[in-house]
Amino acid sequence: MNQDDVIKPVAQSAREDEIDLAELFGQLNANRKKILSIVAAVFFAAAVYAYTATPIYTANALLQVEQQQKGLAGGMEGIAGMLGSSISSPAEIEIIESRSVLGPVVNDMNLHLRVNPNYFPIFGETIARRHKQDTLAKPWLGMSSFAWGGEQLDFGRFEIIGDLAGRPSAWTLVATENGGFQLHVKDDDEIVLNGKPGEVAKGVLNGSTIELFIPRLVANPGMEYEIIYLPLIEAINSLRGRLNVSEKEKWTNILEISMEGDNREEIKRIINSVANEYVRSNVEQKSKDAGALLDFISQQLPQMKEDLDKAEA
């Protein structure tokens with residue numbers, strides 16, 4: 001085999017690997033309608049998503065964890081250390097996520113309830129959210145069971161007394177004529193109670209008493225709200241799962257409480273409520289520790305005085 005026989009296949013392979021730009025542009029031109037259709041579909045899908053997507057907000061708060069005070073007169077720091085050790089960030093995170101802090105927040109803000117307007121599928125929530133007028137939006141095509149914008153609901157109290165209180169349940173609140181409302185078990189037409197805003201409404205279901213207080217309701221007759229009821233323990237666990245509590249920077253003793261959600265005002269109120277409840281419980285605990293310290297000192301003073309008198313004698 002001579003040298004030419006070796007070189008020719010390599011040169012032929014190099015020519016086959018070259019890109020023929022004219023052929024490439026020809027194929028693009030031949031399929032230009034298909035390509036433009038795909039690009040237009042992608043842009044349209046992106047525009048629809050941007051228009052209908054629910055915005056997600058983040059709220060946070062910072063808390064500074066104070067260290068145990070030192071340098072108490074007469075060596076009392078040792079006594080104080082026996083009654084309350086220095087504060088650590090991990091311990092404070094556990095306290096913030098405890099039932100003693102989250103329980104009052106759940107009760108005060110009715111977080112054992114989830115109240116959701118009934119929106120038309122896919123784009124109904126977007127239409128209602130973009131309604132900027134103070135008046136109620138007219139139902140589209142007479143579909144009055146959906147929220148279209150302008151609805152207002154101030155939820156006061158929803159209480160279950162009896163066996164039903166121990167398990168989760170789903171309900172439907174329906175606005176009626178003259179500003180009233182009805183409460184049904186979800187997917188059941190049986191009326192549990194009737195009521196008016198500003199008055200406590202009561203009903204009985206399977207031996208359990210249902211009490212509902214709604215200060216204000218503005219909605220088209222027939223419009224529905226879904227109510228999800230959770231027992232207290234489950235509501236606390238749900239809130240704990242939504243909270244993110246961490247140390248801002250290592251060894252700084254600055255804690256950050258944060259939460260994400262689609263209701264900007266609600267998550268802001270929750271974060272503030274958790275922070276305030278933690279501060280309140282912390283102040284109460286310090287007051288108890290101070291009281292225990294004073295009691296301890298009062299009990300020891302007579303013995304200390306007696307020992308001092310013996311030493312001086």
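User: Where in the chain is Asn178 found?

Analyst: Asn178 is found in the loop between strand β5 (169–175) and strand β6, where helices (H or I, at least four residues) and strands (E, at least two) are DSSP runs numbered from the N terminus. This is a predicted model, in which local features need pLDDT of at least 70 and side-chain atom pairs count only at pLDDT 80 or more, while totals for chains, interfaces and linings use all residues. Residues are numbered from 1 along each chain as its sequence is written, and side-chain values use heavy atoms, with hydrogens and water left out.

User: What phi does Asn178 have, and is Asn178 buried or exposed?

Analyst: As a general idea, most residues other than glycine have a negative phi. Asn178, although not a glycine, has a positive phi of about 60°. Asn178 counts as exposed because its relative accessibility is 82%; buried means under 20% relative accessible area, exposed over 50%, and partly exposed in between (1.4 Å probe, protein chains only).

User: What phi does Ile122 have, and where is Ile122 placed?

Analyst: Ile122 is not a glycine, yet has a positive phi of about 75°, and its place is in the loop between β2 (113–117) and α7 (124–129). With a relative accessibility of 78%, Ile122 counts as exposed.

User: How many aromatic pairs does the structure hold?

Analyst: The structure holds eight aromatic pairs, where rings of Phe, Tyr and Trp (its six-membered ring) pair if their centres lie within 6.5 Å, with planes under 30 degrees apart counted as stacked, over 60 as edge-to-face and the rest as tilted. One of the pairs joins Phe123 and Trp140, whose ring centres are 6.5 Å apart and whose planes stand at 45°, so this pair is tilted. The pair links distant parts of the chain, 17 residues apart, with Phe123 in the loop between β2 and α7 and Trp140 in the loop between α7 and β3 (152–154). Both partners keep some accessibility: Phe123 counts as partly exposed at 31%, and Trp140 counts as partly exposed at 44%.

User: How are the rings of Phe158 and Trp171 arranged, and are Phe158 and Trp171 buried or exposed?

Analyst: Their centres lie 5.6 Å apart and their planes are at 65°, so the pair of Phe158 and Trp171 is edge-to-face. Phe158 belongs to strand β4 (residues 157–161) and Trp171 to strand β5, so the pair ties together parts that are 13 residues apart in sequence. Phe158 and Trp171 are both buried.

User: Which residues do ring pairs link into a cluster?

Analyst: The cluster linked by ring pairs consists of Phe120, Phe123, Trp140, Phe146 and Trp148.

User: How many salt bridges does a search of the whole structure find?

Analyst: The search finds eight salt bridges, each being a side-chain nitrogen of Lys or Arg within 4 Å of a carboxyl oxygen of Asp or Glu. Among them, Glu284 and Arg280 meet through their side chains at 2.4 Å, N to O, and both lie in helix α9 (residues 264–312), four residues apart, or about one turn of the helix. Glu284 is partly exposed at 39% relative accessibility, and Arg280 is partly exposed with a relative accessible area of 36%.

User: Which residues are linked in a network of salt bridges?

Analyst: The network links Arg157, Glu159, Lys202 and Glu211. Within this group, the closest N and O atoms of Arg157 and Glu159 are 3.0 Å apart, while Lys202 and Glu211 meet at 3.7 Å, N to O. Lys202 counts as exposed at 57% relative accessibility, whereas Glu211 is buried, with a relative accessible area of 12%.
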